[in-house]
Amino acid sequence: MSQVNPAVPAAKRKNRKALRSNLVAYSFIAPNFIGFCVITLVPMVFAIALAFCNWDGVHEIEFIGLQNFAKLLTDKTFKTAFVNTIVYSVGTVPLTLVCSLGLAILLNQNVKLRNFFRTVSFFPYVASLVAVAAVWNNLFNPSMGPVNMLLSKLGVENLPRWAAGKDTAMITVILFSVWKNMGYYMVIYLAGLQGINPDLKEAASLDGANSWQTFWNVTLPQLRPTTFFVVIMLTISSFKVYDQMFMITQGGPGNATITLVYDIYNVAFVNTPKYGYASAISMVLFVLVLIITLIQFKGSSADN
Amino acid sequence: MSVKPMKANARRNAVISRVLIYALLIIIAFLMLIPFVWMISASFKMNKDVFSFPIEWIPSNPRPQNYVDIWTKIPLLTFIKNTAFLTVVVTFLQVFTSSFAAYAFAKLRFRGKNLLFLGYIATIAVPWQAYMVPQFMMMRSWHLNNTHLAIILLQAFSAFGVFLMKQFYEGIPTELCEAARIDGLSEYGIYARIMLPLSLPAVSTLIIFTFVNTWNDFLGPLIYLTRNELKTIQIGLRMFISQYSAEYGLIMAASVIALIPVLIVFLSLQKYFVQGVASTGLKG
């Protein structure tokens, strides 16, 4: 191929060259793309189709139109799961945001042992969920955990029952999530803070702004794109929550901490499998995430 | 106002804010670390002593026996081997295929580029949990349930990795590639000798994310792996916790063991991490 044949016209040669460079490019993409198509794209399309069907995995797939979606409207467990997911979201997103921003600002200062503090704050994020959830369960054990022991020493009378209490179970999971994930968003904020032009802060302090005013009028507006990104990421991941509940409350007490993904898992893999119905719930989750993504898309194109 | 007291004032304020910052940092570090310290402390205790109050941070008669017993109570070694195998294979595949594809998307011109990339981007928004059910059905029809291959396939090809690496490659000057091309390097050569070595921060970031995600993955192995000899450390540990919920000392010992590999990977790569997040556009 590398030998240039003078008999081949220039246009054809050019074509061949273009074809060749196309093939090289495809060879770069192929390993990932083939795997991605088969493992991700195909099931995605299948999921949409399955939402309109009835299937237990044994008998024939049966097309039932919108029946699954009609059933969702009267399904109490689904409704609870939906509401719980939103409650969890409303609880974790602002709390994690504020904590991670505060932490990032502290750790962006010129302090001794800065790297140590950064590593420490990030560590809960990388730590195994099963392991830290086990510790959390012990620390917040209602009858003998150190947290309640401490509270009773301090004179608190109605000790909270944490994961075992109907009203406190969700709060317990939210606190756990904030603790576990804030380090990750802190890193994102740190990256954002390092992207701020230092001249802006200097100009503000020359104008006599104190550090609080600088924060409100310079740092925070400059961080707007980062904050936007963090809010979106937090919201999407809060919609997908499952593991935390599974390990800390098992969705209980009652259905107090059951979430959409928890419901999907139960419907599809526990007792008699109802794959079609589970896919219908999945579509609800998908639409929720899609809405947030569209907001992000609009927001980030407005920013540019 | 004279100049002198103002200066003294400013200095005093600076000292106060320093003290405040350190106080806050120490409280935060304390909150972050205390569960881990408690975990290690409890892992050296008898069950009956785990909840003694006030907490005995350093056990008066430590019981390292927990770290011996745990290996025979559950097949912990098998779990660790399985998880290590899966994590290494997935991380390798993920880094290799993602950076390979990302090179084409960032630096090559070819037909259908935008369309293909749009395909990746569109799926980033679809949560795995929304299609995990049909995916499981598909894998089961290929008799891949209860195999490690299923977990590898599940994790190895992500749009996220391609996106992350592409963002980073776009920051590398195209002139570098042009110069190499003139010097007679093939595209594969440019990828291997120029782009990959230059993208160490992004690769480290991707390794940390993939390693941590695979090592800690729960729902995937929970759905696919039901046979004990195939289980990963996360579901193995979870199974142990639900079977022996009162064996606090042993549970904590097993948890400490489950944390160590991630800690090692994280600490050895973390210096690249903030830089990696900053340069790959993960910050938005």
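**Notes on the predicted model**

1. Within H6(B), the buried residues are B:Ala150, B:Ile151, B:Ile152, B:Leu153, B:Leu154, B:Gln155 and B:Ala156. Seven of the nine residues of this helix are thus buried, so H6(B) is largely enclosed by the rest of the structure. As the model is a predicted one, this description applies to computed coordinates.

2. Which elements cover the buried residues of H6(B)? The cover includes H1 of chain A, and from chain B it includes helix H3 (76-107), H5, helix H10 (200-216) and helix H11 (219-224).

3. On the H1(A) side, the contact is made by A:Val42, A:Pro43, A:Met44, A:Phe46, A:Ala47 and A:Leu50. H5(B) contributes B:Ala130, B:Tyr131, B:Val133, B:Pro134, B:Gln135 and B:Met138. By class, eleven residues of this contact are nonpolar, one is polar and none is charged.

4. The contact between the chains as a whole takes 74 residues from chain A and 67 residues from chain B. On the side of chain A that touches chain B, H1(A) supplies the largest share, with 21 residues. That side comprises 55 nonpolar, 17 polar and two charged residues.

5. The domain assignment divides chain A into domain 1 (10-50) and domain 2 (69-303). The C-alpha centres of these two domains of chain A are 37 Å apart.

6. Two residues other than glycine with positive phi deserve mention. A:Gln250 has phi near 50° and lies in the loop between helix H11 (243-248) and helix H12 (260-269) of chain A. Is A:Gln250 buried, exposed or partly exposed? With 14 other C-beta atoms within 10 Å, A:Gln250 is partly exposed, because this class lies between the limits of 12 or fewer for exposed and 20 or more for buried.

7. B:His143, which is not a glycine, has a positive phi of about 55°. B:His143 belongs to the loop between helix H5 (128-141) and helix H6 (148-156) of chain B. This residue has 9 other C-beta atoms within 10 Å and is therefore exposed.

Key. Residues numbered from 1 in each chain as written. Chains lettered and ligands numbered in written order. Predicted model: local features only at pLDDT ≥ 70, side-chain atom pairs only at ≥ 80, totals over all residues. Domains from an automatic or database assignment. Helix = DSSP H or I, 4+ residues; strand = E, 2+ residues; numbered from the N terminus. Contact = placed C-beta atoms within 7 Å. Nonpolar A, V, L, I, M, F, W, Y, C, P; charged D, E, K, R; others polar.
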